[in-house]
Amino acid sequence: MRKIFMALCCVMLLSSLAIAEPLKDRAFFPPVLMYHDIKTEAQNNFDVLVEDFCAQLDWLKEQGYETLSINDFMRYLSQDSFPEKSVLITFDDGYSGIYNYAMPELKKRGMKATFFITSSMIGVLTTTYPHVTAEELKLMAADELFSIGSHTVSHLHLDELSPEERDYELTESKSAIEELIGKKVVAFAYPYGNYDEEIIKAVKDSGYEVAFAVQDKGFCNMSAHFSIPRINMAMDLSDNDLKLFKEYVQNYKNMPEEAFAERWQPISEDE
Ligand SMILES: [Zn+2]
């Protein structure tokens with residue numbers, strides 16, 4: 001009787017978890033590449049040189065990887081299975097290099113990508129890292145290869161804001177980008193990869209359907225849709241004929257957590 005009762009409890013517990021949302025670890029997901037800027041000369045470790053970016057795209061193509069749009073990604077997520085060789089290419093912050101270099105190289109190869117935009121920085125050209133203009137962003141959004149997501153209004157640490165400030169960052173960026181591009185924004189990327197359960201709830205309540213983290217900081221698994229890990233794309237991935245890049249993509253499911261944590265360094269606040 002006791003055994004039956006225990007078994008019954010297990011079944012009830014499992015079904016309640018399934019209803020809440022099945023948890024996933026990194027091994028469930030395809031590699032999600034997190035780029036920042038693509039440049040002809042690197043100024044920071046998070047820059048990727050145009051020639052290295054092209055070599056990475058060519059290698060993915062040669063190896064038979066399918067690039068996913070954000071809608072493809074969400075469809076496979078809901079089907080609970082991704083194609084064996086698929087990859088999601090993402091860019092954070094909305095720097096000019098995504099329009100000048102990434103977009104043409106992706107288009108040339110018919111490859112898809114998603115761009116997470118910090119809405120208050122659209123058209124800001126005055127820093128060492130100029131950003132895309134509204135017109136450029138509209139052109140990108142009109143191309144069926146590309147999806148646009150939100151990366152908040154002002155790139156602050158969401159866990160340091162009041163609930164009102166946080167909600168403004170989430171909803172205002174979404175509506176500003178939607179108004180500009182004339183399309184629904186369903187994907188979000190956490191600035192600095194900062195999130196917790198409360199932030200996840202706020203992101204959901206703001207109308208997003210998926211949210212992307214930074215690296216695999218060990219607290220993936222909070223939500224299959226709202227804590228998706230990514231690989232930090234930086235200069236060192238291209239050394240020795242893309243040695244690390246190939247390793248992360250090919251061996252994504254089996255890479256130890258430390259391999260992700262070690263490589264992640266927050267980007268300086270003034271960029
Ligand atoms: Zn960012």
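Where is Leu-156 found? Leu-156 sits in the loop between strand S7 (146-150) and helix H6 (163-181). Helices (H or I, at least four residues) and strands (E, at least two) are DSSP runs, numbered from the N terminus. Residues are numbered from 1 along each chain as its sequence is written. The model is predicted: local features need pLDDT of at least 70, side-chain atom pairs count only at pLDDT 80 or more, and totals for chains, interfaces and linings use all residues.

Leu-156 is partly exposed, because 17 other C-beta atoms lie within 10 Å. A residue is buried with 20 or more such atoms within 10 Å of its own C-beta, exposed with 12 or fewer, and partly exposed in between; C-beta atoms are placed from the backbone. Leaving out residues up to four places away in sequence, Leu-156 touches Leu-161, Glu-169 and Pro-191. Contact means that C-beta atoms, placed from the backbone, lie within 7 Å. Tyr-192 is 36 residues from Leu-156 along the chain, yet their C-alpha atoms are separated by 8.4 Å.

Now turn to helix H2. It covers residues 50-62, 13 residues in total. From first C-alpha to last, H2 reaches 18 Å, close to the 18 Å expected at 1.5 Å a residue. That expected span is 1.5 Å times one less than the number of residues.

Phe-53, Gln-56, Leu-57 and Leu-60 are the buried residues of H2. Seen down the helix axis, they fall within an arc of 95°, so they line one face of H2. The arc is taken from the directions from the axis to the C-beta atoms. These buried residues pack against strands S2 (37-39), S3 (47-49) and S5 (86-93), and against helices H4 (97-108) and H8 (239-250). On the other side of H2, Glu-51 and Glu-62 are exposed. Just after H2, Gly-64 takes a positive phi of about 80°.

Notes: Two residues are in contact if their C-beta atoms, placed from the backbone, lie within 7 Å.
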